[in-house]
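Hi,

Here's the structure I said I'd pass along.

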Amino acid sequence: MGDLEYIKAHSSPASRYEMLAEEATELAHAAQKCARVMRGEQPVSEDLGPVEIFENLKEEIADVLLCIGATVCDFYNEDSPYNSYEAYANLCIKRGIEKIYKEKKARWANRLKEKKEKEGK
């Protein structure tokens, strides 16, 4: 039994979605802290320098990705052609997120281009 299968077997769907929400909130806070460090505004803990702040951001990204993988398990069933739950989760994340990622990336770039054109730059 893989780790994601174990998580599925020993946690409820509701608890996995709650964990996803919690980790997404922590990711948002880490991103805000990075922005403050980059602008030099609102000093952060003296124990944490820019490297530690950005390492924390990477850790929160990984936590969110893990929770996404754990929530995908709700759509896996034994009749799936994939050889394991983990393979299915990885494929769902890759295919589903990759398509949305590309669409959102293009939309974001287009908004910035439109703004620049409106500003006459």
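Glu119 comes out as partly exposed, with 43% relative accessible area. Its side chain meets that of Lys115 in a salt bridge, at 3.5 Å from N to O, and Lys115 is partly exposed too, at 48%. Keep in mind that this is a predicted model.

The whole structure has three salt bridges, so here are the other two, since a salt bridge needs a Lys or Arg nitrogen within 4 Å of an Asp or Glu carboxyl oxygen. Glu103 pairs with Lys99 at 3.2 Å, N to O. These two sit four residues apart in helix α4, which puts about one helical turn between them. Lys99 is exposed at 54% relative accessible area, while Glu103 is partly exposed at 40%. Then there's Glu55 with Lys58, where the closest N and O atoms are 3.0 Å apart. Both belong to helix α3 and are three residues apart, again about one turn. Glu55 is partly exposed, at 42%. The spacing makes sense: an α-helix has 3.6 residues a turn, so residues three or four places apart point the same way.

On the overall fold: the chain has four helices and zero strands. Buried residues account for 19% of its 121 residues. Of the contacts with a separation of 6 or more, 57% link residues 24 or more positions apart. The chain exposes about 9200 Å², with carbon and sulfur atoms supplying 57% of that.

Helix α2 is worth a look. It covers residues 13-39, and its end C-alpha atoms are 39 Å apart, which agrees with the 39 Å that 27 residues should span at 1.5 Å a residue. Arg16, Leu20, Glu23, Ala30 and Cys34 are its buried residues, and what covers them includes α1 (3-9) and α3 (50-72). Just past the end of α2, Gly40 has a positive phi of about 75 degrees.

What about disulfides, how many are there? Zero in the structure. As for cysteines, Cys34 is buried at 3% relative accessible area, and Cys67 is buried at 8%.

Last, confidence. Mean pLDDT for the chain is 81, and 80% of the residues reach 70 or more.

Cheers

Note on methods: Residues are numbered from 1 along each chain as its sequence is written. Side-chain values use heavy atoms; hydrogens and water are left out. The expected span of a helix is 1.5 Å times one less than its number of residues. Buried means under 20% relative accessible area, exposed over 50%, partly exposed in between (1.4 Å probe, protein chains only). Contact means heavy atoms within 4.5 Å. pLDDT is the predictor's confidence in each residue, from 0 to 100. Accessible areas come from the Shrake-Rupley method with a 1.4 Å probe; for residues, only the protein chains shown count as cover. A disulfide is a pair of cysteine sulfur atoms within 2.5 Å.
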